[in-house]
Amino acid sequence: MAIDYNRTMLPPKKFFVRPRDKMLHLKNGKWENGVEEESLVLFGVHSCDIHGLKILDKVYLGEPVDPYYKARRESAFIVGISCTPDEYCFCRSLGTDFAMDGFDLFLHELPDGWLVRVGSVKGHELVWENEELFEEVTEEDIQHFRECEEKRAKSFKRKLSKEGLADMLDLAYGSPVWKKYADICLACGNCNMVCPTCRCYEVCDKWINAYEAVRERRYDSCFMESHGLVAGGHNFRPTRLDRFRHRYYCKSYFDPSAGFNCVGCGRCDEFCPAGIEHVKVLDEVRGSLQ
Amino acid sequence: MSENPYLSYDARILEVKDLTPREKLFTLRFVDPEVGENFSFKPGQFVIVDVRGFGEFPISICSSPTRKGYIQLCIRKVGRMTKFIHRMKEGEIVGIRGPYGNGFPMERMEGSNLVLVAGGLGMAPLRSVLWYAIDSGKYEHIWLFYGTKAYEDLLFRDEIVHLLKHGNAMNCSVKLAYEIESPSCIYLERGFSDRVCKGVVTDLFRGEEFDVENTYALICGPPVMYKFVIRELSNRRLSPGRIYMTLERRMRCGIGKCGHCIVGTSTSIKYVCKDGPVFTYWDALSTRGLI
């Protein structure tokens, strides 16, 4: 088990909104609910991904509640783990490098063991049931924890400047930087697939035999030409430039109730085949305005 | 099971009427009377039609909530799903979920003039407003400016021609613009030379005066139409808060989850399905990309 991993390719959203997700099952002309109850333990989730799930919560648990997401979220037990940033991480500049809630237990690595934070009633009960595995925190542990956190804070190489970002981006709608990067972009949609907060889905009915069909939802990507297409052939985002800019605007929107839509996990940078870097694009757009 | 917002309710097709070669009017009633009674909607809201095993699509309701017991959907045959439903017959069952969206603020507009500006299929949601306004009698005067390609594309032809003839008694003035000439248009134009003309919908504003302090404009049409109509209204100094438009986007869920209808930039993001589909012109000025 690698507990010192940098990042997974797919974020934990895949357990709650699956890449292919069965919603409904058609039998004898009637829909039946496709929700399957299964409990899940996610071990070793990084704080950026916990923040990512909290953003998905705002969308899927907001009224009307998505029953599939809710059932899976409620049955999941989440154990967070501390991490060391690599060259792609910029979570610290977005305030998502530390999770205050959204987990059941959070493990922080110390030189002589693990400091465990309890984040929920379920987590508390688990600790109670396994008392023999835990000891009280000492002053020395706290000191070590602090040192580790300070050392970690200093090791971030990337930073997204959030100050005035929303207004600046809006003013730079016509910036030539968008065009420059839209021309490099391959429009493959990788960044959407690996993003912990991208959640667009397409719905599709599929016959599994002559009598039964399923309604499935699948990840969709705003880089696909079909994303803004409506019946009759009108496309609301007809060019790659429109679609490229749309993703940056969607990620850079600060929702007063859900916060910033990007958590700084660095996945879109690491898995971009064209080598486009999120922070660099935004910095250049900002620069083009001055 | 009933908590699942993605599940649709059975509705029976009571009547299918050809409006034009491309558009059909479907009259539907919920099979479960209790569902029908609980289904209350406002003009401008939409439903998602669920053809089970084939897919779903959003369609605005084109009947008025004042006419109870049924809902009507005007559906143009443009794609795979609409082609499918066009083959359905009276008595068959489709799924309906909704209503979704905000709808037009009918209460706020009470006592004012309404200027309805429709282009092509944009007549469908505005028909709901039109009959709501006429039936309730709570509005000062109603103008309907309706532009179509040709007489053959005129939706709800009987009703529109009836209002053209007898609208005054209902405080309603209807004006029509068409782009392609045909004998029927010329016949209409001869009878109502002041109200039917060849041209585009903005030509119909000519010669009309309305008190901008006491008027609301409601617009629905193809995407290209909005800016021309808004320019016409703005020239008359109608406030951006008094111009309502209902917009179209790709929608899969109708409840703000699937992400397709997100519009805007870093300063303002709107979901057309749940924040709209009715927006004011002020919303369009403050959220880039709405129109």
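# A walk through two chains

Start by selecting helix α7 (residues 176-184) of chain A together with α9 (240-251) of chain A: the two pack at about 105°, and their axes lie 9 Å apart. Axes here are lines fitted to C-alpha atoms, for helices over the stretch in contact, with angles running from 0 to 180 degrees between N-to-C directions. α7(A) and α9(A) are therefore roughly perpendicular to each other, a label given to angles of 65 to 115 degrees.

Before moving on, note that this is a predicted model, where local features need pLDDT of at least 70 and side-chain atom pairs count only at pLDDT 80 or more, while totals for chains, interfaces and linings use all residues. Residues are numbered from 1 along each chain as its sequence is written, and chains are lettered from A and ligands numbered from 1 in the order in which they are written. Helices (H or I, at least four residues) and strands (E, at least two) are DSSP runs, numbered from the N terminus.

Two residues are in contact if their C-beta atoms, placed from the backbone, lie within 7 Å.

Buried means 20 or more other C-beta atoms within 10 Å of a residue's own, exposed means 12 or fewer, and partly exposed lies in between, with C-beta atoms placed from the backbone.

**Where the chains meet**

Now display both chains: 37 residues of chain A are in contact with 31 residues of chain B. Among the elements giving two or more residues to chain A's side are β1 (20-27), α2 (47-60) and α9(A). That side holds 24 nonpolar, seven polar and six charged residues.

**A sheet in chain A**

Next, select the four strands that form an open sheet in the order β3-β4-β5-β6 of chain A, with mixed pairing. Its edge strands are β3 (40-45) and β6 (113-118), each pairing on one side only. Two strands pair if DSSP finds at least two bridges between them. Inside the sheet, β4 (residues 76-81) and β5 (residues 105-110) of chain A run parallel over three bridges; look for A:Ile81 opposite A:Leu107.

**Across to chain B**

Select the seven strands of chain B ordered β10-β9-β8-β7-β11-β12-β15, another open sheet with mixed pairing. At the edges are β10 (196-198) and β15 (278-280). β9 (residues 172-178) pairs with β10(B) in the parallel sense over three bridges, and B:Tyr178 has B:Lys198 as its bridge partner.

For a last stop, click B:Pro222, in the loop between β11 (215-220) and α6 (225-235) of chain B. Is B:Pro222 buried or partly exposed? With 14 C-beta neighbours inside 10 Å, B:Pro222 counts as partly exposed. Setting aside neighbours within four places in sequence, B:Pro222 is in contact with B:Gly119 and B:Gly120. B:Gly120 is 102 residues away from B:Pro222 in sequence, yet their C-alpha atoms are 7.3 Å apart.

Technical notes:
Ala, Val, Leu, Ile, Met, Phe, Trp, Tyr, Cys and Pro count as nonpolar, Asp, Glu, Lys and Arg as charged, and the others, Gly among them, as polar. Angles under 35 degrees count as roughly parallel, over 145 as roughly antiparallel, 65 to 115 as roughly perpendicular and the rest as oblique.
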